[in-house]
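Visitor: Please take a close look at one part of this model and describe how its pieces are packed against each other.

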Amino acid sequence: MALRAHERGGPEQLVYEEAPRPVPGRGEVSVAVTAAAITFAELTWPETWEAGGVDRRPVIPSHEFAGTVSEVGPGVTDLAVGDSVFGLVPFDRDGAAAEYVVVPAECVSRKGPLISDVAAAAAVLPALTAWEALNDQMNLAAGQRILIRGGTGAVGAFLTQFAHTLGADVTVTVTSPSAEPRARSLGADHVIVTRPDSGERDQQAFDAAIDAVGADVPEWMYSSVRPGGRLVLLQEPPNEVLADKYGVNANFFVVHTRRDRLEELAALIAAGQVEVAIAQTFPLSEGRAAYERGAAPKPRPGKTVLLVQ
Ligand SMILES: NC(=O)c1ccc[n+]([C@@H]2O[C@H](COP(=O)([O-])OP(=O)(O)OC[C@H]3O[C@@H](n4cnc5c(N)ncnc54)[C@H](OP(=O)(O)O)[C@@H]3O)[C@@H](O)[C@H]2O)c1
């Protein structure tokens, strides 16, 4: 059984139905999925629907997973049937909202017994994204000032924690005063409560900024960064006119899965050194309802996770 979309669109396209069991090829493993986390924006990403310009429908969403290796393909020697694993499926392949997912072995890591499957699935995409943004895209260093727009969202919460751990001076935006204590507990030094669509920030005050909200990045994100500073976007390519206007190095990237980082993340979670927030869980059979809830306020902050088997 799987959650699939036969037509492009939003949650209304998702159906819970029989689907062929995928078979691992060379260098791949099949995982019996136990938990699959949702990034609601994934249904808007081009990679969800096509690979190399080829239409992939019907597609299976939800690329963040935990489970048990059920089959190994030829050439895989470092994972074995029965291993408890977690990982991130490349976005232009079928995801993990299914009983089985096939994934390149390098996108999978052993999970260890101290981490629940739900926490592992919930952490993998936002944590790897935050890690890559701060370290590879920004080279954020201790003492630098960073602005995180959406500092308590799924990716935002990891950005805030990791930036704090790196020793940066961390300013985050939240949309409600009730989110401020959580932002501070995650490591924010300064919290700005913005109305959803507005906000003038300190002009050119930040060495780096990142938008962890989504599309339609406001102009003040560009003007907040000092000339020569770095602005990272997660949902869309930057506006080059605004980047030039403020002399900012702006870029967009899509996260890569790296096993060494998955292993480091597993160690951090097991040691209780990062908070992994779970908003709610749904059985896979109610996956469409889970996606539909994306637009609604959540009962608590964190990821929405599908429980598979
Ligand atoms: N490029 C990549 O590799 C990659 C990887 C993962 C995610 N992403 C992208 O990253 C973005 C965030 O994903 P996520 O999973 O972290 O989403 P999320 O959990 O829904 O978090 C969204 C954040 O945005 C805030 N927010 C929502 N609407 C807002 C508005 N109108 N004005 C200001 N703040 C607003 C929310 O704050 P409140 O809760 O206070 O409203 C929350 O902090 C998405 O665009 C996603 O596509 C990209």
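Guide: Domain bounds here come from an automatic or database domain assignment. The model is predicted, and in it the assignment gives the chain domain 1 (2–111 + 277–307) and domain 2 (125–252). The C-alpha centres of domain 1 and domain 2 are 28 Å apart. To their contact, domain 1 contributes 10 residues and domain 2 contributes eight residues. On the side of domain 1 that touches domain 2, five residues are nonpolar, three are polar and two are charged.

Now to the pair of helices. Helix α2 covers residues 117–137 and helix α3 covers residues 154–165; their axes come within 8 Å and cross at roughly 50°. Angles from 65 to 115 degrees would count as roughly perpendicular and those under 35 degrees as roughly parallel, so α2 is oblique to α3. The crossing of these two helices is right-handed. On the α2 side, the contact is made by P126, A127, T129, A130, W131, A133 and L134. Facing them from α3 are A154, V155, F158, L159, F162 and A163. Sorted by class, the residues of this contact comprise 12 nonpolar, one polar and no charged.

As for the chain around this pair, it has eight helices and 17 strands. Its C-alpha trace spans about 55 × 40 × 35 Å along the principal axes. The radius of gyration of the chain is 19 Å, which agrees with a compact globule, because a globule of 309 residues would have a value near 19 Å.

Key
Residues are numbered from 1 along each chain as its sequence is written. This is a predicted model: local features need pLDDT of at least 70, side-chain atom pairs count only at pLDDT 80 or more; totals for chains, interfaces and linings use all residues. Axes are lines fitted to C-alpha atoms, for helices over the stretch in contact, and angles run from 0 to 180 degrees between N-to-C directions. Helices (H or I, at least four residues) and strands (E, at least two) are DSSP runs, numbered from the N terminus. Angles under 35 degrees count as roughly parallel, over 145 as roughly antiparallel, 65 to 115 as roughly perpendicular and the rest as oblique. A crossing is left-handed if the near helix is turned anticlockwise from the far one by less than a right angle, and right-handed if clockwise. Two residues are in contact if their C-beta atoms, placed from the backbone, lie within 7 Å. Ala, Val, Leu, Ile, Met, Phe, Trp, Tyr, Cys and Pro count as nonpolar, Asp, Glu, Lys and Arg as charged, and the others, Gly among them, as polar. The radius of gyration is taken over C-alpha atoms; the globule rule is 2.2 Å times the number of residues to the power 0.38.
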